[in-house]
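Have the model open while you read.

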Amino acid sequence: MLFNSLQFLLFLPAVLFLYYIIKPKHRWILLLIASYYFYMCWRPEYIILIIISTIIDYFAARRMEQLPDINRRKKYLYLSLVSNLGILFFFKYFNFFSESTTALFQQFNIFVNFPAFNYLLPVGISFYTFQTLSYTIDVYKGDTKVERHFGRFALYVSFFPQLVAGPIERSYHLLPQLRKHIHFNYEWMKAGVFLMLWGFLKKVVIADRLAAYVNEVYNNVDSYSGIPNILATYFFAFQIYCDFSGYSDIAIGCALMLGIQLMKNFERPYFALNIQEFWKRWHISLSTWFKDYVYIPLGGNRVVKWRWYYNLFITFLVSGLWHGANWTFVIWGALHGLYILFYNMMKEEKILDPRKKGRARQMLNRFFTFHIALLAWVFFRANHLGDVDNMIIGMFQPTVGSINLFTFKIDLYLSILFIGLLVMIEWLIEHKNLLQKFEHSGRWMKWLALIVGITIILLFGVFEEVDFLYFQF
């Protein structure tokens with residue numbers, strides 16, 4: 001079920017109504033049924049994968065609870081890791097690795113045919129796999145308490161607002177909230193509505209409109225060069241941001257209406273002063289997951305310098321692979337790893353001084369950070385590695401292909417206008433405390449904002465139920 005569908009607009013009010021009229025002790029049943037139904041609206045048979053992960057991790061955690069010796073717990077941690085990562089590998093990465101291995105062998109005139117499995121990638125598998133893995137790892141380390149109620153644990157794994165595209169929640173943050181007896185809170189309900197409205201504005205008004213231009217150019221790289229390539233790349237930077245942060249806003253707002261607070265996932269990343277800050281603002285739940293469960297276990301920065309750089313690079317390389325079974329994603333992750341290494345080397349050599357905060361210096365830093373992220377987005381969006389050369393080299397060639405690729409020319413201008421409005425609003429939030437001022441504004445201002453937001457969505461939204469980009473991950 002898509003957030004940007006009529007089905008969801010009927011589903012959510014029904015869940016909210018039932019949620020607040022039934023007894024709190026029974027609400028987990030309603031939310032679990034709603035979450036499974038939400039997922040099964042896509043492909044019913046793939047719910048079995050979520051159930052398998054839930055059963056294995058519930059059993060592994062309960063067994064680890066009964067074993068005070070951490071060494072004796074390892075076999076149950078391995079059970080969780082192997083089963084969850086095995087399922088993820090089979091459905092997401094098996095064909096990628098078999099094709100890559102075949103191609104490598106062919107370079108040495110060794111011809112091997114590996115089997116191929118043409119299964120549809122289960123939506124959200126990377127997200128819920130990481131969420132349930134963090135629980136068993138935390139139980140193993142003794143950082144979180146075991147959830148003995150199977151139903152609530154199943155709900156933690158499958159909670160519908162963030163099931164298919166995050167935020168990737170931690171057990172110590174979400175599970176206690178699922179145990180609480182939550183009462184109706186008007187302020188939370190209101191805040192949830194406005195968060196969802198902002199998310200829908202970013203998704204259906206900006207991201208889905210930009211998708212038409214981006215897809216046309218990136219899916220036909222031989223037909224365009226010059227300005228279309230440049231414009232499509234800038235547009236993709238805002239498409240992916242508005243699409244993914246829009247999903248996160250809707251998910252967080254939806255959960256807030258149920259009295260549950262999810263972690264923040266985006267914090268205006270394109271205003272970052274450096275690439276390290278960018279990753280503290282972009283997909284926060286994933287970057288902190290990799291920090292806690294990959295980077296720190298590798299040794300973090302408490303090792304010799306070369307090993308520290310190695311830990312940083314490997315973390316970003318794995319992050320790229322997490323995003324998709326394609327060399328374009330691997331190189332995207334590696335490129336960000338190199339950015340981070342270069343940034344830290346510059347700081348170590350005192351060439352960069354993050355303490356310098358002059359306005360002109362900050363503008364230059366933001367401009368540079370945005371554009372190195374923009375270059376990396378070319379690899380992220382390209383369908384194949386061969387397309388990357390055509391896109392980047394094509395940017396410096398004479399313009400070929402019509403600049404206006406929308407059905408109506410007005411869409412091009414609307415896209416630029418809404419991007420400008422987005423940047424302006426986020427700048428006011430970043431520098432002028434716009435959110436705090438809005439929260440303390442009068443009731444008439446909030447009603448006006450609600451009416452204006454809904455009107456913009458109805459007038460300028462793209463209502464073709466375009467999938468969220470991160471569903472493929």
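E267 counts as partly exposed, because its relative accessibility is 30%, and the cut-offs put buried under 20% and exposed over 50%. This is a predicted model, by the way. The side chain of E267 meets that of K264 in a salt bridge, at 3.7 Å from N to O. K264 is partly exposed too, with a relative accessible area of 47%.

A network of salt bridges links K264, E267, R268, E277, R281 and E430. If you want the general idea, side chains of opposite charge can pair when their charged atoms come close.

## Other salt bridges

How many salt bridges does a search of the whole structure find? The count is 16. One to look at is R148 with E65, where the closest N and O atoms are 2.7 Å apart. R148 has a relative accessible area of 54%, so it is classed as exposed, while E65, at 29%, is partly exposed.

Now turn to K203 and D208, whose side chains meet in a salt bridge at 2.9 Å, N to O. Are these two buried or exposed? K203 is buried, with a relative accessible area of 0%. D208 has 5% relative accessibility and therefore counts as buried as well, given that the cut-off for buried is under 20%.

## Where α9 meets α16

Next, a pair of helices. Helix α9 covers residues 227-257 and helix α16 covers residues 409-432; their axes come within 12 Å and cross at roughly 55 degrees. With that angle, α9 and α16 are therefore oblique to each other, since it falls between the cut-offs for roughly parallel (under 35 degrees) and roughly perpendicular (65 to 115). As for handedness, the crossing of α9 and α16 is left-handed.

## Two positive phi angles

Most residues other than glycine have a negative phi. With that in mind, have a look at H283: it is not a glycine, yet its phi is positive, at about 40 degrees. You'll find H283 in the loop between α10 (275-281) and α11 (284-298). Its relative accessibility is 0%, so H283 counts as buried.

N433 is another non-glycine residue with a positive phi, in this case near 55 degrees. N433 also lies in a loop, the one between α16 and α17 (434-439). At 43% relative accessibility, N433 counts as partly exposed, whereas H283 is buried.

Last stop: the surface. Which residues make the nonpolar patch of about 410 Å²? They are V303, V304, W306 and Y310.

Y310 lies in helix α12, which runs over residues 305-323. Its relative accessible area is 41%, so Y310 is partly exposed.

How values were computed
Residues are numbered from 1 along each chain as its sequence is written. This is a predicted model: local features need pLDDT of at least 70, side-chain atom pairs count only at pLDDT 80 or more; totals for chains, interfaces and linings use all residues. Side-chain values use heavy atoms; hydrogens and water are left out. Patches are made of residues with over 30% relative accessible area and no salt bridge: like charges are joined within 9 Å, nonpolar side chains (Val, Leu, Ile, Met, Phe, Trp, Tyr) within 5 Å. Accessible areas come from the Shrake-Rupley method with a 1.4 Å probe; for residues, only the protein chains shown count as cover. A salt bridge is a side-chain nitrogen of Lys or Arg within 4 Å of a carboxyl oxygen of Asp or Glu. Helices (H or I, at least four residues) and strands (E, at least two) are DSSP runs, numbered from the N terminus. Buried means under 20% relative accessible area, exposed over 50%, partly exposed in between (1.4 Å probe, protein chains only). Axes are lines fitted to C-alpha atoms, for helices over the stretch in contact, and angles run from 0 to 180 degrees between N-to-C directions. Angles under 35 degrees count as roughly parallel, over 145 as roughly antiparallel, 65 to 115 as roughly perpendicular and the rest as oblique. A crossing is left-handed if the near helix is turned anticlockwise from the far one by less than a right angle, and right-handed if clockwise.
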